[in-house]
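Morning, everyone. Please look at the sequence and the model on the screen.

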Amino acid sequence: MSTLAIQGSVVDLPSGTIHRSFDDRVPCSPDPSERVISLTSDAAFAVNLDGLTEVHVISLESDRPVTVLLTSTAGTAQALPVESTRIVSRAVPFTAISLVRVAGQATTVRLILGQSS
């Protein structure tokens, strides 16, 4: 079993009024999987979950803006316009993920998906 760890911090300008460290660790079974997806069409691209029935952790990096459509066990798809994001949702896992590029812009997306054990 592997653990997917998302770590970092948020720091404000020199005033120091905002500081937040985060360290999210999610034990995953099966091991987290990585995939690189080239979006060559303007149509929504359904991500193959490769046997995962629930996705609890998503790490996404894109070379151009992309809209991520997430469907969870709570219901219909939610749209997130992003270039980079990390999402942990232990209680309400995702069951489907689609990606939509900006019209006419070839886009490459790197995803890491994890299912909590």
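Arg25 is partly exposed, because its relative accessible area is 45%. A word on that scale: buried means under 20% relative accessible area, exposed means over 50%, and partly exposed lies in between, with a 1.4 Å probe and protein chains only.

Before I go on, the ground rules. This is a predicted model, where local features need pLDDT of at least 70 and side-chain atom pairs count only at pLDDT 80 or more, while totals for chains, interfaces and linings use all residues. Residues are numbered from 1 along each chain as its sequence is written, and side-chain values use heavy atoms, with hydrogens and water left out.

Back to Arg25. Which side chain does Arg25 meet in a salt bridge? Asp23, at 3.0 Å from N to O. A salt bridge here is a side-chain nitrogen of Lys or Arg within 4 Å of a carboxyl oxygen of Asp or Glu. Asp23 also counts as partly exposed, because its relative accessibility is 45%.

How many salt bridges are there by this rule? Six.

Next pair: Glu34 and Arg110. Their closest N and O atoms are 2.3 Å apart. Strands (E, at least two residues) are DSSP runs, numbered from the N terminus. Glu34 has 47% relative accessibility, so Glu34 counts as partly exposed. Arg110 has 31%, so Arg110 is partly exposed too.

Salt bridges link Glu34, Glu61, Arg86 and Arg110.

Now Asp50 and Arg35. Here the closest N and O atoms of the salt bridge are 3.3 Å apart. Asp50 is in the loop between strand E4 (45-46) and strand E5 (57-72). Arg35 is in strand E3, 15 residues away from Asp50. Are these two buried or exposed? Asp50 counts as exposed, because its relative accessibility is 54%. Arg35 is buried, because its relative accessible area is 11%.

Last stop, Ser98. Ser98 lies in strand E7 (residues 94-101). At 18% relative accessibility, Ser98 counts as buried. What does Ser98 touch, beyond its neighbours within four places in sequence? Its contacts (heavy atoms within 4.5 Å) are Ala44, Phe45, Ala46, Val47, Thr67, Val68 and Leu69.

That's my tour. Over to you.

How values were computed. Helix = DSSP H or I, 4+ residues; strand = E, 2+ residues; numbered from the N terminus.
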